[in-house]
Amino acid sequence: AAAVQMHKLASLSAELKSKVQDAGSALSDVRSRVTQQVIDAAGGGAAEEDEIPELQQHARIDASLRRLYERSDKYMRALNQVCEMSRALSEDFANVLADPALGQAASAFKAAKGPHAQADSTVLGQVLYRNVFQPVRREVEGRKDFERRLADRKKVRLDYEAFRRKQVGLLQSDPTNKSVYEGNLEAAAKTFARHSEGVARDVAAVNAERQQMLSVAFAGLVLSQLEFFSSSAGGPEGGGVVA
């Protein structure tokens, strides 16, 4: 009987030991899940790009503006070159053609590309410079304070991510002070969120101003180009050239 009783006690002891181990494993799992939730809430890793939508939109607009800056300058230069070469070609043809009818047409073409057309192209270049090139250049080169604001945002984001990684590391290596590190992460996340809201507001305002400028610049480009081609097509016809 004593032996049976001892066997029962041994079995009960083993069962209790197993339950304690299971409870310890469950507690460890809970701790792991809580730690992971904190990590997820703080951000799982350092982001390569800022996740604020307004900043992403700003990056796209800024890249387009820099291309427009370069290409609008090339466009104006190319337009001036086209006008100059058109005048040169009209003079060459007018001077060399022997056929009377073609000679008359060449003279009309030369007249259409003469001083009056040159003045028109000069005015067109001024319109393009004022309505397209200059506003784009002002946006690309004239927002130094805003660029410093964006540089400050990048530094704040990197500092926050470094602090968060440190706190997450401490949270994993020193779970006894878990509440302290979680509080630090929560406070830092709130501060960073307030900073993000301010940046988003400022960037949204700049994006709206740039969109308005781009709309006006595009309208100026289209109207100037239509006027240029209409003038180019209509000049020789007025001189008697048959289409």
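Colleague: How many salt bridges does a search of the whole structure find?

Modeller: The search finds 15. A salt bridge here is a side-chain nitrogen of Lys or Arg within 4 Å of a carboxyl oxygen of Asp or Glu. This is a predicted model, so local features need pLDDT of at least 70, side-chain atom pairs count only at pLDDT 80 or more, and totals for chains, interfaces and linings use all residues. Residues are numbered from 1 along each chain as its sequence is written, and side-chain values use heavy atoms, with hydrogens and water left out.

Colleague: Which side chain meets R210 in a salt bridge?

Modeller: D62 does, at 3.2 Å, N to O. R210 lies in helix α6 (residues 178-238) and D62 in helix α2, so the pair ties together parts that are 148 residues apart in sequence. Helices are DSSP runs (H or I, at least four residues), numbered from the N terminus.

Colleague: Are R210 and D62 buried or exposed?

Modeller: Both are buried. Buried means under 20% relative accessible area, exposed over 50%, and partly exposed in between (1.4 Å probe, protein chains only).

Colleague: Which residues are linked in a network of salt bridges?

Modeller: D62, R66, E139, R143, E147, E209 and R210.

Colleague: What about E84, which side chain does it meet?

Modeller: E84 meets R87 in a salt bridge, 2.6 Å from N to O. They are three residues apart in helix α2, so about one helical turn separates them. E84 is partly exposed at 39%. R87 counts as buried, at 12% relative accessibility.

Colleague: And where do E161 and R157 lie?

Modeller: Both are in helix α5, four residues apart, about one turn of the helix. E161 and R157 are both buried.

Colleague: New topic. Which residues make the nonpolar surface patch?

Modeller: L89, F93, V96, L97 and L102, covering about 470 Å². Patch residues have over 30% relative accessible area and no salt bridge; nonpolar side chains (Val, Leu, Ile, Met, Phe, Trp, Tyr) are joined within 5 Å, like charges within 9 Å.

Colleague: Where does the largest share of the patch come from?

Modeller: Helix α2 (residues 53-96), with three residues. F93 is found in that helix. F93 counts as partly exposed, at 46% relative accessibility.

Definitions and conventions: Accessible areas come from the Shrake-Rupley method with a 1.4 Å probe; for residues, only the protein chains shown count as cover. Helices (H or I, at least four residues) and strands (E, at least two) are DSSP runs, numbered from the N terminus.
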